[in-house]
Amino acid sequence: MQQEKIFLGPPGTGKTTRLLSVMEQEMELGVPPDRIAFVSFTKKAAEEAAERACERFGLDRRDLPYFRTLHSLAFRELGLRRNDVVGRTQYKELSDLLGIDFAGYFNQEEGMAGGKEGDQLLFIDTLARTRCIPLRQQWEELNPDFDWSVVQQFHKTYKQYRHDTGMLDYTDFLEQYNHRQSSLNIEVAIIDEAQDLSALQWLVARLATKNATRVYIAGDDDQAIYQWSGADVNYFLNLQGEVEVLNKSYRLPGSIFNLADGIVNQIEHRYAKEWQPREDKGEVLHHTDPEFIDFNEYEGDWLLLARNNYFLPKLRDLVEEHGLIYTYRGKHSINDNHVQAIRAWEHVRNGKAISADYVKLILEYSKIRKQPIADGEYTKETLGEMGIYIAGPWYTGLDAIHYGTRNYYRSILARKGSLSEAAEAHISAIHGAKGGEADNVLLLTDMSYSTHSELQNNPDSEHRVFYVGATRARQRLHMVEPQTHRYYSI
């Protein structure tokens with residue numbers, strides 16, 4: 001008979017550290033690493049656990065074959081190869097076949113959909129399969145701008161296409177693994193981020209860990225923010241077993257903890273948890289407008305969060321005005337090729353020689369007449385003989401780089417003296433920041449029309465989202481007063 005224990009890990013309470021302690025206890029009891037499974041919702045969590053386990057216990061990554069996401073586990077156990085998986089080429093063929101567009105196609109592992117008709121139809125289809133409910137029920141719940149006949153036709157064509165090509169999508173991995181009814185040869189199972197698992201993922205997790213004597217399930221229902229993409233938080237809330245609450249946050253200071261506690265206590269259906277913040281107080285600061293925030297006034301890194309993606313460009317413009325190096329939805333603000341071209345230009349201007357590759361970069365980012373460049377070394381004089389004149393500073397010569405980008409780089413150089421520094425700020429929707437943290441978190445409370453409607457109909461979902469946003473802050477939480485008529489009230 002399986003023994004099951006549940007770990008509830010509020011923000012910053014060291015959930016992964018606690019799970020590695022469980023692993024250490026099991027290994028001391030004689031359980032070999034390859035008889036321990038650690039499965040998770042995201043690749044990031046599974047890889048972090050594997051890396052930390054290897055470092056802590058002196059293991060090789062190959063010693064941990066079952067430290068994986070559920071999709072990766074199913075992929076491995078089914079013996080699949082990369083060319084078995086539906087990708088961009090196949091979605092292009094499907095687009096031509098159906099006469100519909102895909103923006104980027106649905107990312108089924110991360111639960112993100114593009115804005116084109118094909119992306120939305122794929123989202124509906126995948127969500128029904130992930131939740132293990134009839135397609136028509138999913139269509140009725142979402143109430144999209146598609147007739148039922150369109151959704152039904154897409155489902156039939158997409159299914160037939162996969163059958164005819166012999167290719168699988170990410171949801172097929174889970175469905176086929178579950179159909180095969182094969183469990184792992186393990187003694188211990190750890191299921192992490194369990195609040196984010198869908199009904200189908202729970203079927204796979206339970207089947208995969210069926211042979212385990214002991215099962216440890218970790219998560220936090222208060223941070224269950226992926227219900228929109230199929231997560232079944234009610235399954236997590238109804239688990240039976242011994243419960244341990246990780247009761248000390250190493251991230252949250254007192255004032256931020258108190259604000260977050262006010263948010264989370266509005267959730268109607270949740271596990272009650274007794275836990276404590278750090279000893280220091282921290283700060284909750286209120287700003288009438290993000291334009292008035294002087295980022296250089298506050299020590300540490302920044303995380304700028306909004307509920308919906310279309311608020312993010314304003315935050316990006318804001319940090320650029322202050323000359324901060326940042327990432328925007330995961331992409332770094334400084335182009336490495338720009339940096340190389342700037343260095344090359346200044347090297348030549350200061351009398352140094354550069355290689356042909358660097359000359360080509362200068363030509364790419366300037367409006368100087370393009371010409372063939374042979375291998376070799378080039379100086380200011382030899383370039384001048386070719387009609388390539390390097391005279392003024394880089395920001396006058398590399399004029400094919402957008403004017404605004406050049407000004408942004410100049411402001412960074414004025415502040416830091418280098419463009420090669422690490423990012424100081426990260427800009428993201430709240431959903432993209434789960435698991436992240438920063439010394440300073442700027443949180444916009446405005447929301448879109450559809451999200452505001454969801455707040456009225458299902459407040460628990462939005463309470464969880466803003467709880468996650470607020471609890472990313474290690475030192476200071478910067479709350480921005482609403483800029484529109486639709487917002488979350490804190």
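Helices (H or I, at least four residues) and strands (E, at least two) are taken as DSSP runs and numbered from the N terminus. On this basis the secondary structure of the protein chain comes to 19 helices and 15 strands. The model is predicted, and local features need pLDDT of at least 70, side-chain atom pairs count only at pLDDT 80 or more, and totals for chains, interfaces and linings use all residues. Residues are numbered from 1 along each chain as its sequence is written, and side-chain values use heavy atoms, with hydrogens and water left out.

The C-alpha atoms of the protein chain fill a box of roughly 85 × 60 × 55 Å along the principal axes. Of the 490 residues in the protein chain, 53% are buried (under 20% relative accessible area, with exposed over 50% and partly exposed in between; 1.4 Å probe, protein chains only). Contact means heavy atoms within 4.5 Å. Among contacts in the protein chain between residues at least 6 apart in sequence, 75% join residues at least 24 apart.

Six strands form an open sheet in the order β3-β2-β4-β5-β1-β6, with parallel pairing (two strands pair if DSSP finds at least two bridges between them). β3 (67-69) and β6 (242-245) are at the edges with a single partner strand each, so one side of each has no neighbour in the sheet. From one strand to the next the twist averages 20 degrees; axes are lines fitted to C-alpha atoms, for helices over the stretch in contact, and angles run from 0 to 180 degrees between N-to-C directions. Three bridges join β2 (residues 36-40) to β3 in the parallel sense, and Phe67 in β3 is the bridge partner of Phe38. Helix α3 (residues 70-77) packs on the sheet, where it touches β2 and β3, and its direction makes about 105 degrees with that of β3. Helix α9 (residues 199-208) lies across β1 (3-8), β4 (188-191) and β5 (214-219), at about 150 degrees to β5.

A nonpolar core is a set of buried Ala, Val, Leu, Ile, Met, Phe, Trp, Tyr and Cys residues joined through side-chain atoms within 4.5 Å. The largest has 67 residues, and those with the most contacts inside it include Ile191, Trp202 and Ile217. Beyond its neighbours within four places in sequence, Ile217 is in contact with residues including Ile6, Phe7, Ile191, Trp202 and Phe236. Another core, of 48 residues, lies apart from it and includes Phe295, Leu315, Tyr409 and Ile427.

The whole structure holds 20 aromatic pairs (rings of Phe, Tyr and Trp, the last by its six-membered ring, with centres within 6.5 Å; planes under 30 degrees apart count as stacked, over 60 as edge-to-face and the rest as tilted). The pair of Tyr170 and Phe173 is tilted, because the ring centres are 5.3 Å apart and the planes stand at 55 degrees. Both residues lie in helix α8 (residues 170-180), three residues apart, about one turn of the helix. Tyr170 is partly exposed at 22% relative accessibility, whereas Phe173 is buried at 2%. Trp202 and Tyr235 are stacked, since their ring centres are 4.3 Å apart and their planes at 25 degrees. This pair links distant parts of the chain, with Trp202 in helix α9 and Tyr235 in helix α10 (residues 233-237), 33 residues apart. Trp202 is buried at 2% relative accessibility, and Tyr235 is partly exposed at 31%.
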